[in-house]
Each structure stands twice: as structure tokens, then as C-alpha cells.
Amino acid sequence: VFVANGFKVYFYDGVRSTPQISFTIRHKKAMAGAMISASHNPPSDNGIKVYWNTGGQVVPPHDGKIIDKVNNVSRIELADFDQAVADGKIVMLGEDLDQAYQNTVEKLSLGNFRDIHIVFTPLHGCASTSFLPVLRAAGFSRIDMVESQMPFDPEFSNVTNHIPNPEVPISLDLATKQAKESGADLVVASDPDADRICVVSRESLANNNYIFLNGNQIGVLLFDYNVKQRKAAGTLPTRGVLIKTIVTTDLLVKIAKANGLDVITDLPVGFKYVTDAIDKRLAGREFIFGAEESHGYLYGDYCRDKDGAIAALLICEYAALLKKQ
């Protein structure tokens, strides 16, 4: 359809994470992007995420204008896929882009703390293409997988109630059980399109109890670690900005202000408003961290969407640091 309407298309012919699409739009200087995903929704809710040239999901007025165009479509133009590839109008993307994305995320590491035992599950989604290679490249060597939830499966067959939502503790029951049996320190999971993260932490080195962390708790820990490490390294900018949605905890604001950072906090629900603010509201300041209470976070300038992979890297580092202490 894109080719038939005059566009050149960069195409991933396999499963990738949603934030990698955002990264690829920026990396390839594309004008827009599309991602087919059910995310954490029931399998019947399969749909599309639409991205603008910044790599961010569309916000007003573009979203409304796109729907106006959709409603006025009278015929669907189609080109032959194989012919379009042969003609160079569809360019297949592969390992070089995967490596570029993974290297970019892994280089955002804020410390060399790696002595941690992790249980990982993608909940039948694509975090095996993002979380796993990033954590392995960063040097985390003890990662156990929940094998029954590793295969790509649009029915989410081995997830309780078939709804793999990182906001719901029961989604992590198998992973938590495995952690208890093996004495792991941390459970790290993602929703199926790998833009959000879920964490279950061992309560104490002295017992075998495990705590499900909600989205606000994870966000506070990530931001706290970010600020402490960059402050110690002398890389925390004097004009740094924390960005969060209005429903996300104000403890983030307290940490920011205690460290001389500015905040943008008046945003509606939806991480697309956080990333839109990066492009429109910094006014010469530097973006430090973005968070929403529904388990979405971003550190770095490589994409304009929440990314569970960078969150996984930093939360595992922080856990290893705390374990060491």
C-alpha cells in the first residue's frame, strides 16, 4: 500500500520491539513509521501504532488529520510486494539495524555493576530481540529464562488469563515462582511489544520473599539511580529536565528539584506526550528522564518512545549495586 502510493519503504520482515521502530525512523531519517502490535492487549485487539518523523507516536493535530484521510479513502492502491523489493522500493532491514539499536542502548549504561541473578520473560513477545541482547552485551551473565513464555505467541498461551500486562502482578506468576525456586535476585519482564517493563524484586538477601514493583516505584528507582550515577560522574547537566505525565508520582519531582533539575509535569496520560515535549518544550535544556506510571520510561536521545530495554539495563545495574552494598 505504501509503495503503491509513492513511498520508499524500509521493512522489517520479522518480530522487533516497538521502540526499535522509533529508533529506526530517526536512524534512517524516515518521514513516518508504522508498527503492527497487540501490545499487552487481548489477542483480538491487534492494531497499528503510527509514528511521525521525530520517531514519536502521532499527537494532535496529526492524529485527527490522519483519521480524516482514512475516512475519505475510496479505494486501496496495492503494489506487488516481491516486485517492489526487486525494484528497490522496499528495502529489507536486518541484523545491521538490530546491532545499531542494541549498541546504542547498551552504551547508555551508567555503571559496571553486574553481579545479579535475573529471571527474564518476554511473556511470549519480542523482548528477546531487545532486552536479552542488550543485557548480555552489557555483561549480565546469569539470566534464566521462563522457557514456556519464550516463543512468539499471539495467543499469549502460557500467561495467566492470556493478558500479559506488566501492571498486573498475576502476569508474572510463573516468573516469580521460578525466581523463588532458584533464589534469583530479580524478575525482569516486558509487555509483548517490549516498550514497557515489569520488575519483581527479592525483598531481602536474608529471605525468599518477592515484591512486585508498580510503575511509580520502578520510575522512582530508575530516576534515582540515573541522577546519583551522573552526579557522581560529573555528567548531570546544570539545565536538565525530568518529564512525566500528570498522573505519575510527584516523588520524581522532589528528586529532580533536590538535584537542581527542571520538570515538565502537566502532560496528559500517554507516553507520546512525554516524547513530544522532548522535541517542543526543552528550550535549550537537556532531557534527563521520562516516566509514566503505567511502566513506561526513557533515558537517552536515540528514540522517541518508551523503551523497556533501557529500563531493564538500568534497573538491573541498580539492583546489582544495591546487592553489592
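Good morning. At 48% relative accessibility, D301 counts as partly exposed; that class lies between buried, under 20% relative accessible area, and exposed, over 50%, as judged with a 1.4 Å probe on protein chains only. The structure is a predicted model, in which local features need pLDDT of at least 70 and side-chain atom pairs count only at pLDDT 80 or more, while totals for chains, interfaces and linings use all residues. Residues are numbered from 1 along each chain as its sequence is written, and side-chain values use heavy atoms, with hydrogens and water left out.

I shall stay with D301 for a moment. What does its side chain meet in a salt bridge? The partner is R304, at 2.9 Å from N to O. A salt bridge here is a side-chain nitrogen of Lys or Arg within 4 Å of a carboxyl oxygen of Asp or Glu. R304 has 5% relative accessibility and therefore counts as buried, whereas D301, at 48%, counts as partly exposed. Elsewhere, salt bridges with shared partners join K49, D193, D195, E292 and K306 into one network.

A search of the whole structure finds 20 salt bridges. One of them joins the side chains of D195 and K306, with 3.6 Å between N and O. This pair links distant parts of the chain, 111 residues apart: D195 sits in the loop between β7 (186–190) and β8 (197–202), and K306 in the loop between β13 and α10. For these labels, helices are DSSP runs of H or I with at least four residues, strands are runs of E with at least two, and both are numbered from the N terminus. Are D195 and K306 buried or exposed? D195 is buried, and K306 is buried too.

Another salt bridge brings together the side chains of R75 and E77, at 3.1 Å from N to O. R75 has a relative accessible area of 60% and is therefore exposed. E77, with 29%, is partly exposed.

I turn now to the aromatic residues. How many aromatic pairs does the structure hold? There are 8. Rings of Phe, Tyr and Trp (its six-membered ring) pair if their centres lie within 6.5 Å, and planes under 30 degrees apart count as stacked, over 60 as edge-to-face and the rest as tilted. Why is the pair of Y101 and Y302 tilted? The planes of their rings stand at 55°, with the centres 6.4 Å apart, so the pair falls into the tilted class. The two residues are 201 residues apart and link distant parts of the chain, with Y101 in helix α4 (residues 95–106) and Y302 in the loop between β13 (296–298) and α10. Y101 and Y302 are both buried.

The rings of F120 and F131 have centres 6.0 Å apart and planes at 40°, so this pair is tilted as well. F120 belongs to strand β5 (residues 118–121) and F131 to helix α5, so the pair ties together parts that are 11 residues apart in sequence. Both F120 and F131 are buried.

F131 leads us to a helix pair. The axes of helix α5 (residues 131–138) and helix α10 (residues 308–324) come within 9 Å and cross at roughly 35°. On the α5 side, F131, V134, L135 and A138 take part, and they meet G308, A309, A312, L313 and C316 in α10, where contact means heavy atoms within 4.5 Å. Of the residues in this contact, 8 are nonpolar, 1 is polar and none is charged.

L313, in helix α10, deserves a word of its own. Its relative accessible area is 0%, so L313 is buried. Beyond its neighbours within four places in sequence, L313 is in contact with V105, E106, L108, S109, V134, L135, A138 and F140. L313 and L110 lie 203 residues apart in sequence, yet 9.1 Å apart in space, C-alpha to C-alpha.

Two further residues complete the tour. D98 is placed in helix α4 and, at 14% relative accessibility, counts as buried. Which residues does D98 touch, not counting those up to four places away in sequence? They are Y12, R16 and Q20. Q217 has its place in helix α7 (residues 215–233) and is partly exposed, with a relative accessible area of 37%. Q217 and H295 are 78 residues apart in sequence and 9.2 Å apart in space, C-alpha to C-alpha.

Thank you for your attention.

Technical notes
Axes fitted to C-alpha atoms, helices over the stretch in contact; angles between N-to-C directions. Nonpolar A, V, L, I, M, F, W, Y, C, P; charged D, E, K, R; others polar.
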